[in-house]
Amino acid sequence: MTFKVEDINNTKIVHLEGEIDMDVTDKARQTILPLIEAGNEVHVNLSKVSYMDSSGISVLIESKKLSEEKKTKFELKEVSKPVEKVLAMARKFL
Amino acid sequence: MSETALINHSEKKAFLVKSSSLKDVRIFCREVFEKLKIEQNLKDELVLAIAEAAQNIVKHAYKDEPDTKDIMVVEISCKNNKLEIAFYDMGTPVNPEKVKHRELDNVKPGGLGTFFIQEIMDVVEFQDKKKKPWINHLVLTKQL
């Protein structure tokens, strides 16, 4: 997995790319959570994520929860088809 | 359900029990499902279920042994359009009673992988009869 962070009008846009599994979730977590912790509005662009498993979904849930605690916004943008499918399955659970 | 019969085929591969092996597990599965000519949508679901089961071995059966040199084996067999995926490991014995996903009203993410496995596969069961030297033997099945 690779990533880059853009700053557009005070919103942090995190672009994730590649496959997100347990082996790389710490990297994703360490990229996203500090941005939210600092009070930023964070958008995560998932258009180039070709695979995501439950550990990746966990990072998104943690991020959403932290943003609620910090009273800021956390949004998913341009979700790829493989990720949309996993999110759809996860929604039945959440 | 497939309109045409899939070929009968069986393949297995060993992987080191560590999180960096999960990508190799997915590559192996995709290659086997390619040979079986399983359609893309189902292939994606099956790869997810298998990767989640392998992740559970790394995360739970070897919870206290992050530097283990042990291997786990994944065996994919297709016979008469029934797909069987077996996992073997030598980690902490799993209590099948404790392997279940969280309640639907509990929004914590833990247990999501087990939920995915159960959603995708028809049957998920740990075999009581041990095959030495293996400690845990999980079998996932799906009628194709």
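**Exercise 1. The sheet of chain A**

Which residue is the bridge partner of K12(A) in β3(A)?

Solution. The model used here is predicted.

Step 1. K12(A) has V42(A) as its bridge partner in β3(A).

Step 2. Now take the two strands as a whole. Strand β2 (residues 11–20) of chain A pairs with strand β3 (residues 41–52) of chain A in the parallel sense, and the pairing runs over nine bridges.

Step 3. Chain A has an open sheet of four strands in the order β1-β2-β3-β4, and its pairing is mixed. At the edges stand β1 (2–8) and β4 (74–77) of chain A, each of which pairs on one side only. From one strand to the next, the twist averages 20°.

**Exercise 2. The fold of chain B**

Solution. 

Step 1. Count the elements: chain B has three helices and five strands. Read from the N terminus on, they run β-α-α-β-β-α-β-β.

Step 2. Arrange the strands. The five strands form an open sheet with the order β1-β2-β3-β5-β4 (chain B), and the pairing is antiparallel. The edge strands, each pairing on one side only, are β1 (9–16) and β4 (123–126) of chain B. On average, neighbouring strands of this sheet are turned by 15° against each other, direction ignored.

Step 3. Look at one pair in detail. Strand β3 (residues 82–89) and strand β5 (residues 136–143) of chain B run antiparallel and are joined by eight bridges. Within this pair, Y88(B) has H137(B) in β5(B) as its bridge partner.

Step 4. Finish with the chain totals. Chain B has 144 residues, of which 34% count as buried. Among contacts in chain B with a separation of 6 or more, 65% come from residues 24 or more positions apart.

**Exercise 3. Where the chains meet**

Solution. 

Step 1. The contact takes 17 residues from chain A and 20 residues from chain B.

Step 2. Sort the side of chain A that touches chain B by element. The elements giving two or more residues to this side are α2 (54–69) and α3 of chain A. With six residues, α3(A) gives the most.

Step 3. Sort this side by class: nine residues are nonpolar, three polar and five charged.

Step 4. Turn to the helix pair. Helix α3 (residues 81–93) of chain A and helix α3 (residues 112–120) of chain B pack at an angle of about 105°, and their axes are 10 Å apart. Angles of 65 to 115 degrees count as roughly perpendicular, so α3(A) is roughly perpendicular to α3(B).

Step 5. Name the residues. From α3(A) come M89(A), A90(A) and F93(A), which meet L112(B), F115(B), F116(B) and E119(B) in α3(B). The residues of this helix contact divide into six nonpolar, no polar and one charged.

Definitions and conventions:
Residues are numbered from 1 along each chain as its sequence is written. Chains are lettered from A and ligands numbered from 1 in the order in which they are written. This is a predicted model: local features need pLDDT of at least 70, side-chain atom pairs count only at pLDDT 80 or more; totals for chains, interfaces and linings use all residues. Axes are lines fitted to C-alpha atoms, for helices over the stretch in contact, and angles run from 0 to 180 degrees between N-to-C directions. Angles under 35 degrees count as roughly parallel, over 145 as roughly antiparallel, 65 to 115 as roughly perpendicular and the rest as oblique. Two residues are in contact if their C-beta atoms, placed from the backbone, lie within 7 Å. Ala, Val, Leu, Ile, Met, Phe, Trp, Tyr, Cys and Pro count as nonpolar, Asp, Glu, Lys and Arg as charged, and the others, Gly among them, as polar. Two strands pair if DSSP finds at least two bridges between them. A residue is buried if 20 or more other C-beta atoms lie within 10 Å of its own, exposed if 12 or fewer, and partly exposed in between; C-beta atoms are placed from the backbone.
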